[in-house]
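User: I have a structure open and would like to know what lies behind some of the terms used for it. Can we take them one at a time?

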Amino acid sequence: MNEIATKYNPADVEEKWYAYWLKNGYFKSRPDGREPYTVVIPPPNVTGVLHMGHMLNNTIQDILVRRARMTGKNACWVPGTDHASIATEAKVVNKLATQGIKKTDLTRDEFLKHAWEWTDTHGGIILKQLRKLGASCDWDRTAFTMDEKRSESVLKVFVDLYNKGLIYRGVRMVNWDPKALTALSDEEVIYKEEHSKLFYLRYKIEGEDGYAIVATTRPETIMGDTAMCINPNDPKNKHLRGKKVIVPLVNRIIPVIEDDYVDIEFGTGCLKVTPAHDVNDYMLGEKYNLPSIDIFNDNGTLSEAAGLYIGMDRFEVRKQIEEDLKKADLLEKVEAYTNKVGYSERTNVVIEPKLSMQWFLKMSDLAKPALEAVMNDDIKFYPSKYKNTYRYWMENIKDWCISRQLWWGHRIPAYYLPEGGYVVAAKEEEALKLAREKSGNFALQMSDLHQDEDCLDTWFSSWLWPISLFDGINNPGNEEIKYYYPTSDLVTGPDIIFFWVARMIMAGYEYEKDKPFRNVYFTGIVRDKIGRKMSKSLGNSPDPLELIEKYGADGVRMGMMLSAPAGNDILFDDALCEQGRNFNNKIWNAFRLVKGWAVDDNLLQPESAAIAVRWFDSLLNRAMDEIADLFGKYRLSEALMTVYKLFWDEFSSWYLEMIKPAYQQPIDKYTYESTLQFFDILLKLLHPFMPFITEELWQHIVSRKDNESIMIEQLPIVKPIDEALVSGFESVKEVISGVRTIRLQKNIPNKEALELQIVGEHNTDYDSVITKLANISAINRVTEKDITAAAFLVGTTEYAIPLGNSIDIEAELKKQEEELKYLQGFLKSVKAKLGNERFVSNAPAQVVENERKKQSDAESKIKSLEESIAALKK
């Protein structure tokens, strides 16, 4: 006992056991004869530090991984980080700016040197922080999306897909980020509702006095107008057919074209067509062979091609052009208007639709097997509601813009020839060979070729993650990819279902002809207790490391999991961590209590203890069965609640009370050893959720060897459950609770032994337990209870405690008459429900049965109360 501290202090325990697990290599995995259980970490950005979303996601992964180890599987949890092109480049640019250096002042190689320095300094922070949480990753396998193996894999895949005709280069309309100066994929655009303006502009009809009125939210783009479009079925604009109009301020004459794409109801039914700056206008431009005028520079200012407002920012132009249109009497009116505006996910600036030369990956053929796999449950989603979200996106998939105008990332392996054209190859020597063959010029040198300046989208490396971590691209069919792939469970947020989950599935079927994982567990978003998403800007997100310092890692893990049903948002409150810490203390104190008992080897086991051991053994096995079932359904919060209630309510509140020896008396050996065995199993059930305290206490149950650990112990096999004993014991608990309630109501001290009278059926098997826990001097079967007795019902059996002279008859009469009145009213409402033919015929059988039981119980209690009242009035 001297070794176990009086109070549980997480700081004394966590670092010690994490170092012990690492030293003994318990997190490591190598292929062997066991069933593999593989999890790959959603790689956090190399720029990142631990936030509440990471805490939740990695706690869930660790729970699954630790549980897998304890069920005999070879668990392999692979950690790593993502190079995060846009985010990291922005961080490096900002850091350089503080030193007075602009990115444009540097060569690509000079900039990359700074980027690698920044990554080397900050890149491992988040993984180190995960250790504080107890994450049992195989750290020897730590990967980075831009390390040598992963980079080689990415370039190899690019070349392969290009050679298959799936990657192409072309000028297309893309989402342009004017701050990061790069194209974005559709999934990197966040749409926000905004209160803006709808401007009604006057376009003079050529050769006439009249005007065509066009409604637009973006008057600053009129310099790029190359047509006006009306719907051929719109009677109000028939007069414009075949005519031309003049763009206001610009004075360019443009044709009026007709297409049923135009919404007759929107605005005036006239649409300005700006092919270079709107996705739908671009399609009209392609269809009607309209010219495209790109009026924006990459940074969102107006270019020379605009002819007006050159060099001004697009939003300044919007303000100025409104004034200028008014002065020229070319602004009909302005209305308030609410619309959705696309923002860059990374830089939070309004994106600009822009025609740009980019690289694209054709997605339609890749999507087919990936859609089928999820819809037929070859890959299972938890919760399954996300299947519909996935299906909608996959059925409406667009080609993926995979190029980014950045320097930090995997540089596109395309090499341009001096005389035009290009070749694609993963390695320079291969590129030179292809260039010589293509050009017919065998004197070409590498210095004559120019590599594409763009980088690949970050997701182009992470979509290969489950394959590239086991080197499946560079070394197909190697021992590790055959053993660990497909991986078992992916734990991720639903916000990256398209960015990452769907694309990994596509890559899996393309390169391994198999799914990348069997199950996907979608976590919810961590919100504060009033429902706001946690964010730095709101200042409502606690620092996870500070929480761990305050409540201990186990307390925080438990707090997260108590509020984390799959797929539902988590309303996080520090009070949950406090509840977790309190549970730690409860376990600690219960353990100290048990270990503090003296053991007498010669003492016979009391009957009450024998019943308690048999009862809790059945309860424990039932809970193990239930927990296994809940893990199978990925209902981890419920699994935690099951073991939490088992420990707190049943083990601590009932079992330990039943077996506890009298003050300063010893306990018998059999009960003591059984109790330690129960503690052993309870700690194993809790270990995946609370790894540190469970290891500390498990090591103290008996003397352990140097290399033993609870985390590599196996969970016991579920034994048969004595359901009759478990069920019967619930009635015993009610009897004991009833006696305790009477003590409380009548202010009778616990040390005062009481007589218990029974009217009706009663199982005497548990009398020793009732006698001990309720402090009963005698249990007597009677036909009529004592006139002074305080009584209660358990089922239809009446239990009574004679109170002798200590009862206030008038007060007791008043109380019982009030209770009788309430029960009579309750019975009346139940009978009315059962007397309703529609209710009885339409309600489920179980519901009707429950109502009948309520009627029976109420009638029994009323009869008992009436008899008691009559006796008191004698």
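Predicted model: local features only at pLDDT ≥ 70, side-chain atom pairs only at ≥ 80, totals over all residues.

User: How do you know that the length of helix H21 agrees with its number of residues?

Analyst: H21 has 18 residues, 669–686. The expected span is 1.5 Å times one less than the number of residues, which gives 26 Å for H21. The end C-alpha atoms of H21 are 26 Å apart, so the two values agree.

User: Why is H21 called largely enclosed?

Analyst: Buried means under 20% relative accessible area. In H21, 14 of the 18 residues are buried, so the rest of the structure largely encloses this helix.

User: Why is strand E2 also called largely enclosed?

Analyst: E2 covers residues 74–78, and five of the five are buried, so E2 is largely enclosed by the rest of the structure. Asn74, Cys76 and Val78 point one way from E2, while Ala75 and Trp77 point the other way. Residues on both sides are buried.

User: How do you know that E1 and E2 pair?

Analyst: Two strands pair if there are at least two bridges between them. Five bridges join strand E1 (residues 36–40) to E2, and the two run parallel. In one of the pairings, cysteine 76 of E2 is the bridge partner of threonine 38. Between E1 and E2 the chain passes through helix H2 (residues 52–69), and this β-α-β crossover is right-handed.

User: What makes strand E14 count as largely enclosed, and which strands does E14 pair with?

Analyst: Nine of the ten residues of E14 (residues 352–361) are buried, so it is largely enclosed by the rest of the structure. E14 pairs with strand E5 (residues 167–177) in the antiparallel sense over ten bridges. Two bridges join E14 to strand E16 (residues 400–401), also antiparallel, and two is enough to meet the cut-off of at least two bridges. Asparagine 175 has proline 353 of E14 as its bridge partner, and phenylalanine 360 has cysteine 401 of E16.

User: Why are E19 and E20 called edge strands?

Analyst: The open sheet has three strands in the order E19-E18-E20, with antiparallel pairing. Strand E19 (422–424) and strand E20 (450–451) each pair on one side only.

User: Why is asparagine 289 called exposed?

Analyst: Exposed means over 50% relative accessible area. Asparagine 289 has 71% relative accessibility, so it counts as exposed. Asparagine 289 is in the loop between helix H7 (279–288) and helix H8 (314–327).

User: What makes the phi of asparagine 289 worth a remark?

Analyst: Most residues other than glycine have a negative phi. Asparagine 289 is not a glycine, yet its phi is positive, about 55°. Glutamine 664 also has a positive phi, near 60°. Glutamine 664 has a relative accessible area of 68%, so it is exposed.

User: Which peptide bonds are cis?

Analyst: Most peptide bonds are trans. The bond joining tyrosine 382 and proline 383 is cis, with omega about -5°. The bond from tyrosine 485 to proline 486 is cis as well, with omega near 0°.

Note on methods
Residues numbered from 1 in each chain as written. Heavy atoms only, no water. Helix = DSSP H or I, 4+ residues; strand = E, 2+ residues; numbered from the N terminus. Buried < 20%, exposed > 50% of the residue type's maximum accessible area, 1.4 Å probe, protein only. Right-handed = clockwise from strand over helix to strand, strands pointing away.
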